[in-house]
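Please open the structure in your viewer and keep the selection tool at hand.

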Amino acid sequence: METCIIKSPLGFTKITGDLDGIASVIVLNSEEQISKYIPKTLADCVLQLNQYFEGTREQFSLKLNPKGTVFQNRVWDALQTIPHGKTTSYLKLSKQLGDVKAIRAVANANGKNPLWIIIPCHRVIGTDGSLTGYAGGLHRKQWLLDHESPYKQQSLF
């Protein structure tokens, strides 16, 4: 498994993967040494993440290889159907997966998503529209939702 660290607007980001695909993209809560060398297997992921942060990419086209249970992978697949700039709720997601009673399991799988941003778990909010838990911190979730919003906040001054 190869690894690199990049700097993003939301902090240092660790990417791991190999020829089988990208296994994880996680935001770190500490400063790390930025990788001087990006392994070939991770280069396209780094490029696409940079394009996302620059606002020139809305969808990722990467070979993914997250490690999870069958249920977690079903949830992560469903997350990838949420369009850029849109949100859904845990309740709607559990209905989409065919079991409204699985809302807590869906939320748990969402929280274990190893592919930050690429599998857009940040697009899942509470049924009442509130921000709910996010492994990277609610401030990052809000930033990502604002970044993807088609309605950019204008300055009043």
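This is a predicted model: local features need pLDDT of at least 70, side-chain atom pairs count only at pLDDT 80 or more; totals for chains, interfaces and linings use all residues.

UniProt annotations may be inferred rather than shown by experiment.

Next, colour the chain by its assigned domains, with residues 2–54 as domain 1 and residues 70–148 as domain 2. Their centres, taken over C-alpha atoms, are separated by 21 Å. At the interface, 16 residues of domain 1 are in contact with 13 residues of domain 2. The two domains bury about 1200 Å² between them, 69% of it on carbon and sulfur atoms. Select Leu10, Val25 and Tyr52, which supply 51% of the area that domain 1 buries against domain 2. Across this interface there are 6 residue pairs in polar contact and 0 salt bridges. On the side of domain 1 that touches domain 2, strand S3 (21–27) and helix H1 each supply at least two residues; the largest share, 6 residues, comes from S3.

Now move to Glu54, found in helix H1 (residues 40–54). Is Glu54 buried or exposed? Glu54 is exposed, because its relative accessible area of 59% is over 50%.

Finally, select Cys121, which the UniProt annotation "active site" (unreviewed entry) covers. Cys121 is found in the loop between helix H4 (103–111) and strand S5 (124–125). Cys121 is buried, because its relative accessible area of 7% is under 20%. Show also Leu79, Asn110, Asn113 and Tyr134, which Cys121 touches, not counting residues up to four places away in sequence.

Technical notes: Residues are numbered from 1 along each chain as its sequence is written. Side-chain values use heavy atoms; hydrogens and water are left out. Helices (H or I, at least four residues) and strands (E, at least two) are DSSP runs, numbered from the N terminus. Buried means under 20% relative accessible area, exposed over 50%, partly exposed in between (1.4 Å probe, protein chains only). Contact means heavy atoms within 4.5 Å. Domain bounds come from an automatic or database domain assignment. Buried area is the accessible area (1.4 Å probe) that two parts lose on being put together, summed over both. A salt bridge is a side-chain nitrogen of Lys or Arg within 4 Å of a carboxyl oxygen of Asp or Glu. A polar contact is a pair of N or O atoms within 3.5 Å; within protein, one must be able to donate a hydrogen and the other to accept it, and residues adjacent in sequence count only if both atoms are side-chain atoms.
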